[in-house]
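Here is a short report on strands, helix packing and aromatic pairs. Please keep the sequence and the structure open while reading.

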Amino acid sequence: MSRTKKTDVKGLQAGLLGWFDRHRRIMPWRAAKGKRANPYHVWLSEIMLQQTTVVTVGPYFMKFIGLWPTVGDLAAAKLDDVLTAWAGLGYYARARNLHKCAQAVTSLHGGKFPADEQTLLELPGIGPYTAAAIASIAFDRPAVAVDGNVERVVSRFLNIEEPLPLSKPSIRDGAAMLAAGNPRPGDFTQAFMELGATVCTPRKPRCGLCPWQQDCKARKAGNAEELPRKLPKKAKPAKFGKVYWITNAKGQVMIQKRTDKGLYEGMYQLPTTTWLTDKKAAAGLGLDFLQDKGAKALGASVKHSFTHFDLNLEIWQYSGRATKLPAGGVWVYPDELGGYALPSLMQKAVRLAAGAAG
């Protein structure tokens, strides 16, 4: 690296902070320049922003602080209500941990978030990145928060050719070196992320607008857009099954609350079969609580990509008589479905099923 001396790093920090002061985006959770951030807002936004874009998160953040203005309000909320408000954001374990964390902050810390990383790490759903982000942004503590944007900036600035995730230790060391001793930790953390989000973008980085362009090794090497490199992704397995649009004589549709641990725990779904990797075996599955064989395929399917597998569910209709409601099953009118915590997969299934069923 061409700049390793303390004075040079300070110059880089001053350049980035000056750029941030001029170009910082306005976000509903971000404090105005010179104002202290609300720790509750910082924590809530950081949890929501994991695996999700700023544009998507904005309306959800406003909904949450409208429903639950303080962490104490969120702690006192029913988990079902939190899951319903979260529906559509994905990665639903985040919502369950969000509720657990709010309760822990309320019961263990008097409704105030701790300011140090180590204590933050003891709270549900808070990992190293989130702890560092809260400590620095909300409390102006020296901390190095390395998200995907920061990884990209550091990889390019130092021209780190080793692919992710193998390069993570080198990237973290580089980020720590660039952040060390800066006078405004909270602003620097946000500036670092902002640079990656708006200038040092994954494709077509806007190097001419970057405050660090003169010292960026990848820019000099002409390979900025190629970094960070990544190991080849393994092909994801596919799973198959059926999802059922079951109606009764009143025009109600059956939904079912998942009680199993893991994926979609505590949320509602249209009844589904088991999901299998064997497509032929999945085609022979059915629901054991249906009284007769009157179910029919609607000629539509819903596809969804999870982190570790891709899913394809055939949509089936059943309007006969169910022998009994399954565990967690309830009858609701279609226009009431918005009041239940349906994950995005099931929201897609509802739209397709309702349309195909006429």
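The sections below cover a sheet, a helix contact and the aromatic rings of this predicted model.

## The sheet

Three strands make up an open sheet. Their order is S1-S5-S4, and the pairing is mixed. Strand S1 (238–246) and strand S4 (296–305) are the edges, each pairing on one side only. From one strand to the next, the twist averages 25 degrees.

S1 and strand S5 (residues 310–318) run parallel and are joined by nine bridges. Gly241 has Leu313 of S5 opposite.

## Helix packing

Helix H9 (residues 148–157) packs against helix H11 (residues 185–198). The angle is about 80 degrees, and the axes are 8 Å apart. Angles of 65 to 115 degrees count as roughly perpendicular, so H9 is roughly perpendicular to H11.

H9 brings Asn149, Val150, Arg152, Val153 and Val154 to the contact. H11 brings Phe192, Met193, Leu195, Gly196 and Ala197. By class, the contact of H9 with H11 holds seven nonpolar, two polar and one charged residues.

How is the pair of Tyr244 and Trp316 arranged: stacked, edge-to-face or tilted? This pair is tilted, at 6.3 Å centre to centre and 35 degrees between the planes. Tyr244 belongs to strand S1 and Trp316 to strand S5, so the pair ties together parts that are 72 residues apart in sequence. Tyr244 is buried, and Trp316 is buried too.

Nine bridges join them, and the rings of Tyr244 and Trp316 form an aromatic pair.

## Aromatic cluster

Which residues form one aromatic cluster? The members are Tyr92, Tyr264, Trp275, Phe306 and Phe309.

Technical notes:
Residues are numbered from 1 along each chain as its sequence is written. This is a predicted model: local features need pLDDT of at least 70, side-chain atom pairs count only at pLDDT 80 or more; totals for chains, interfaces and linings use all residues. Side-chain values use heavy atoms; hydrogens and water are left out. Two strands pair if DSSP finds at least two bridges between them. Helices (H or I, at least four residues) and strands (E, at least two) are DSSP runs, numbered from the N terminus. Axes are lines fitted to C-alpha atoms, for helices over the stretch in contact, and angles run from 0 to 180 degrees between N-to-C directions. Angles under 35 degrees count as roughly parallel, over 145 as roughly antiparallel, 65 to 115 as roughly perpendicular and the rest as oblique. Contact means heavy atoms within 4.5 Å. Ala, Val, Leu, Ile, Met, Phe, Trp, Tyr, Cys and Pro count as nonpolar, Asp, Glu, Lys and Arg as charged, and the others, Gly among them, as polar. Rings of Phe, Tyr and Trp (its six-membered ring) pair if their centres lie within 6.5 Å; planes under 30 degrees apart count as stacked, over 60 as edge-to-face and the rest as tilted. Buried means under 20% relative accessible area, exposed over 50%, partly exposed in between (1.4 Å probe, protein chains only).
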